[in-house]
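Here's a quick briefing to read alongside the model.

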Amino acid sequence: MTATYYEFKLGRFDCLAVADGQHVYQDPGALLFPHAPKDLLARALAPYGKDPDKWREWTSDYTCLLVDTGSHRVLMDMGAGSTLPGAGHLKKNLRALGIDPETIDMVLISHAHPDHIGSVFPNARLVIQDREWAFWNTTPALPRLSPEMRSMLIRAVDGRLPALSGRIEQISKETRILPGIQTLDARGHTPGHMAVSVTSSGRELLYAGDAFLHPVHMAHPKWSAAVDVIPKQAVSTRQRLLARAVARDSLVFCFHFPFPGLGRVREMGETWQWVPV
Ligand SMILES: [Zn+2]
């Protein structure tokens, strides 16, 4: 990845995809598609040049979305901060574009995984689902993860919660945050995972957060990742978001997809296809 930003318009809103960096995940088949039948997985990955038997590493781009409504600068997710070596470049990349992180007045946190809550935006309201906040403020069980992965994840989240705790604003349901900015219940990846619908002049941009980690999750929304805390709900969330994106011809934004993480969804009979911009 060389580009660090991608500018686009949504109606009257100025939108910006900003790179936070990349992270390399080991054993991606087991992480992303642990229960996928082998032959189907091989077929699904072929267009990406991957053979599941030889797929050792997955390099995921991390991309955040900034929406300037004209009166507010709304950021979706905060990147990894200092928690991961290859990421945490969001604020530097914003500054390089002449955007002072202190001018961002709202951050919508899709969920509290460490790659989404790593930075500090001192003047922003920080909005998260109450279920999400409660989940990580107890000791979550996370039975689908290996003991190593579980303790690594909990340690990373715990390291960030104190910095956020005095500043978090919790919402309990789908909420219109500002004109044209509406949160959507997208639970499953985590118990309080949320998506965001951004609308202007009749056009929708759907910030899907981590509802989809890889474009193959659109072709096969029933394949939940090992990091999806509630797999059944993750499946219904994916199907609901895909149907919505098709019905509204929405632009869709996915944090972990190849940069800039922006595209559309095409319905293909029983399944869906990711069409990047
Ligand atoms: Zn993530």
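**Aromatic pairs and a helix contact**

There are seven aromatic pairs in this structure, counting Phe, Tyr and Trp rings (six-membered ring for Trp) with centres within 6.5 Å. Keep in mind that this is a predicted model, where local features need pLDDT of at least 70, side-chain atom pairs count only at pLDDT 80 or more, and totals for chains, interfaces and linings use all residues. Residues are numbered from 1 along each chain as its sequence is written, and side-chain values use heavy atoms, leaving out hydrogens and water.

**Two of the aromatic pairs**

- Tyr62 and Phe255 make a tilted pair, 5.1 Å centre to centre with 35° between the planes; planes under 30 degrees apart count as stacked, over 60 as edge-to-face and the rest as tilted.
- Tyr62 sits in strand 3 (residues 57-68) and Phe255 in the loop between strand 12 (251-253) and strand 13 (262-268), so this pair ties together parts 193 residues apart in sequence; strands are DSSP runs of E, at least two residues, and helices runs of H or I, at least four, numbered from the N terminus.
- Tyr62 and Phe255 are both buried, meaning under 20% relative accessible area with a 1.4 Å probe, protein chains only.
- Phe135 and Trp136 pair edge-to-face, at 5.0 Å centre to centre and 85° between the planes.
- Phe135 and Trp136 are buried too.

**Helix 4 against helix 5**

- From helix 4, Trp133, Trp136 and Asn137 meet Leu153, Val157, Asp158, Leu161, Leu164 and Ser165 of helix 5, with contact meaning heavy atoms within 4.5 Å.

How values were computed: Buried means under 20% relative accessible area, exposed over 50%, partly exposed in between (1.4 Å probe, protein chains only).
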